[in-house]
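The following briefing concerns the fold of a single protein chain. Please keep the sequence and the coordinates at hand while reading.

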Amino acid sequence: MGDLSNTFTFKPILIRASKDSHCTRDILVSPFMTLFQLHKFILIVFDLNESSIEYHNFNLLNQLESIETFYEIIDHQEIDGFITPVAPGVYIEHTHPHEPLPLFSIYQPLHDDIIQMSFRMLRDERYCKLETIPSQEIAYEFQHNSQHYSIHLNLQPVNLPIQFLEEIDLHPKIIHKTGHFFETNTTFPIHHKLMHYYLPLSRNCKTTDENQVKHAFRTGIEKLVDERRRFLLEQKDCHWVEPTGEKCVYCALSM
Ligand SMILES: [Zn+2]
């Protein structure tokens, strides 16, 4: 942390986290924070007990991309359907190119050239830094003791005096808070252990990473669409190998 020259190179992000108009938190965080780290921090600032959280994910509001992107911890064991990894922490969720009659949910209006296939981008929140997220409005959704909740997050890059920057370099900072998450006001102590998730913050993130991710994603889709075309036109011997290394699940069935 001794290299001061880097301190000038980033704008911290001010996050307004709102459960509703009465319960809000304004927090300052580093743009290099990952969504996974943000998840941990939201629980802390709203005094929520992590062990009561059964599920969570981030959804971008006002997405600019035509293909829906889903941010969560990607656990291969828990994913239904087919996924193809295209970059670290980035996956295409898709209909199988050899599926005779795809019945997958359609996530976007399909163009003619990708007929009968659907795609969604899955991103592992542990790889995704705030500065690369293509939306300033995010919904953080979670289940707490079997109840579903949503917290609206608004992200704004801000200019701050250098001294302030050095402070948020180490720990995200709560600027303002109103209300309690639960009206009964059940609070839990902040565990300092959790703070360790924010250290060390990477200073090597390049904005080109995001372009590479998009490029890899498009290339991956092209390959799948191409495979689908070949399958529909030729239907000869299947040479498809699943990302797991196994034989094609569809053609192996019909043999
Ligand atoms: Zn096949």
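Strands β4 and β7 run parallel and are joined by 4 bridges; strands here are DSSP runs of E with at least two residues, helices are runs of H or I with at least four residues, and both are numbered from the N terminus. Two strands count as paired if DSSP finds at least two bridges between them. The model is a predicted one, in which local features need pLDDT of at least 70, side-chain atom pairs count only at pLDDT 80 or more, and totals for chains, interfaces and linings use all residues. Residues are numbered from 1 along each chain as its sequence is written.

**Overall composition**

- The protein chain contains 5 helices and 10 strands.
- Of its 255 residues, 24% are buried, a term that requires 20 or more other C-beta atoms within 10 Å of the residue's own, whereas 12 or fewer make a residue exposed and values in between make it partly exposed, with C-beta atoms placed from the backbone.
- Contacts are pairs of residues whose C-beta atoms, placed from the backbone, lie within 7 Å. Among contacts between residues at least 6 apart in sequence, 73% join residues at least 24 apart.

**The sheet**

- An open sheet of 10 strands has the order β5-β6-β7-β4-β3-β8-β9-β1-β2-β10, with mixed pairing.
- The edges are formed by β5 (82–87) and β10 (173–178); each has a single partner strand, so one side of each lacks a neighbour in the sheet.
- Neighbouring strands of this sheet are turned by 25 degrees against each other on average, direction ignored. Axes are lines fitted to C-alpha atoms, for helices over the stretch in contact, and angles run from 0 to 180 degrees between N-to-C directions.
- In the parallel pair of β4 and β7, Glu72 has Asp124 of β7 as its bridge partner.
- Strand β7 (residues 119–124) also runs antiparallel to β6 (residues 90–94), through 5 bridges. His94 stands opposite Phe119 of β7.
- β1 and β2 form a hairpin with 2 residues between them. These strands run antiparallel with 7 bridges, and Ser18 is paired with Thr24 in β2.

- Helix α1 (residues 35–45) has 8 of its 11 residues buried, so it is largely enclosed by the rest of the structure. The buried residues are Leu35, Gln37, Leu38, His39, Phe41, Ile42, Leu43 and Ile44.
- α1 lies across β1 (13–20), β2 (23–29), β3 (53–61), β4 (69–72), β8 (137–144), β9 (147–157) and β10, and runs at about 135 degrees to β2.
- A nonpolar core is a set of buried Ala, Val, Leu, Ile, Met, Phe, Trp, Tyr and Cys residues joined through C-beta atoms within 7 Å. The largest core has 26 residues, of which Val29, Leu38, Ile42 and Tyr140 touch the most other members.
- At least two residues of this core come from each of β1, β2, α1, β8 and β9; α1 gives the most, with 6 residues.
- Another core, of 12 residues, lies apart from it and includes Ile92, Met117, Val213 and Leu224.

**Individual residues**

- Asp47 lies in the loop between α1 and β3 and has a positive phi, near 55 degrees, although it is a residue other than glycine. With 16 other C-beta atoms within 10 Å, Asp47 is partly exposed.
- Asn145, in the loop between β8 and β9, likewise has a positive phi, near 45 degrees. Asn145 counts as exposed because it has 8 C-beta neighbours inside 10 Å.
- Ala252 belongs to helix α5 (residues 249–254) and is partly exposed, with 13 other C-beta atoms within 10 Å. From C-alpha to C-alpha, Ala252 and Cys238 are 8.7 Å apart in space, and they are 14 residues apart in sequence.

**Confidence**

- The chain averages a pLDDT of 78, and 75% of the residues score at least 70; pLDDT is the predictor's confidence in each residue, from 0 to 100.
- Over residues 105–109 the pLDDT stays under 50, and the model has 9 contacts for them beyond four places in sequence.
- Residues 185–206 also have a pLDDT below 50, with 23 contacts in the model beyond near neighbours in sequence.
- Where pLDDT is low, the predicted coordinates should not be read in detail.

Technical notes. Two residues are in contact if their C-beta atoms, placed from the backbone, lie within 7 Å.
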